[in-house]
Amino acid sequence: MSNKVMIIGTGNVGASIGFSLASQRTPVNELVLVDIDQADAEGEAMDLRDTLAVSPTYLKISAGSYEKDARDTDIAIFTAGAAQKKGGETRIELLARNAKILHNVIDQLLAANFHGILLIVTNPVDVMSYLAMQYSNFPSYKIIGSGTVLDSARLRYHLAERLSVSPKSIHAYQVGEHGDSEFAIWSTANVGSQPINKLLKKSELDKIEEDTKLAAYKIIEKKGATYYGIGACVTSIVNCIFNDERRVLPVSTYDAYTDTFFGFPSVVGRRGVVRRLDTELSEDEALKLQSSINIIKKAIDSIPTK
């Protein structure tokens, strides 16, 4: 690997990922920005290069193209697509508009001999990840969706605020669809080996879980879009891959039993998805997960995959 990353789509999300990569200590050596608006990609690259003199890591940053850059790109981060509308548009409602964009981009990547890992960020991310596997014919371990990494970060923040500890000391996951049917695995959530469901009342846990699910809608209503959080989370995934950290992240990965993608604790390393963990769920959590999977599968079935 040359540790080269391509960000496809230089809107708010793509630009925030680029800034996060450029401003943190990262093993990325080269960052290429690609957008249907070439001038925008060039402008973002110029702006990001202005940070290099004071950034902790030096990396080559440029606006590029599939033809010139895809062949030696290790991770292609797909952020292109339509933005989620104000007024309560769900992530699933974005699907029809974004599936066509994804298919076109993957066709161009394959034509340019791209063989790296596809990291899907565009919503609805679970469905888009499944479609990416179908459109590319890549093995499932090379397709990673950002899944519920951001949702889990939000969950840990809310819990940390309530428990007066660092979010990094909270071990809890939001899983399932990155959307309205996601839920927290409370049965195994803990802080310092103390079960969280014994530290907080059920009513408190329900409120925290609901606040986590509604966070994106509230941000979109106030400022139009969310992008800083996902920028930091995607950087974490990229670092995990290049450093072969084999860290457990609730990314969206392929589940052969249900033939779908959804966010669930998985080991991530240099090859992509190393394995999905067989995390034990309570009976209620298992029912919630199946319900979430059914929603994702219904959306997948509404889109031609070939």
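**An open sheet and its neighbouring rings**

Begin with the open sheet of 3 strands, ordered E12-E15-E16 with antiparallel pairing (strands are DSSP runs of E, at least two residues, numbered from the N terminus; two strands pair if DSSP finds at least two bridges between them). Strand E12 (247-249) and strand E16 (272-276) each have a single partner strand and stand at the edges, so one side of each lacks a neighbour in the sheet. From one strand to the next, the twist averages 40° (axes are lines fitted to C-alpha atoms, with angles from 0 to 180 degrees between N-to-C directions).

The model is predicted: local features need pLDDT of at least 70, side-chain atom pairs count only at pLDDT 80 or more, and totals for chains, interfaces and linings use all residues. Residues are numbered from 1 along each chain as its sequence is written, and side-chain values use heavy atoms, leaving out hydrogens and water.

Next, select E12 together with strand E15 (residues 266-269); 3 bridges join these antiparallel strands. Arg 247 stands opposite Val 268 in E15.

Now select Tyr 254 and Phe 261, a tilted aromatic pair at 5.6 Å centre to centre and 45° between the planes (ring centres within 6.5 Å; planes under 30 degrees apart are stacked, over 60 edge-to-face, the rest tilted). Phe 261, at 0% relative accessibility, is buried, whereas Tyr 254, at 23%, is partly exposed (buried is under 20%, exposed over 50%, partly exposed in between, with a 1.4 Å probe and protein chains only).

Finally, select Phe 262: Arg 276 lies over the face of this ring, 4.2 Å from the ring centre (CZ of Arg or NZ of Lys within 6 Å of the centre and within 35 degrees of the ring normal).

Technical notes:
Helix = DSSP H or I, 4+ residues; strand = E, 2+ residues; numbered from the N terminus. Phe/Tyr/Trp six-rings, centres within 6.5 Å; stacked < 30°, edge-to-face > 60°.
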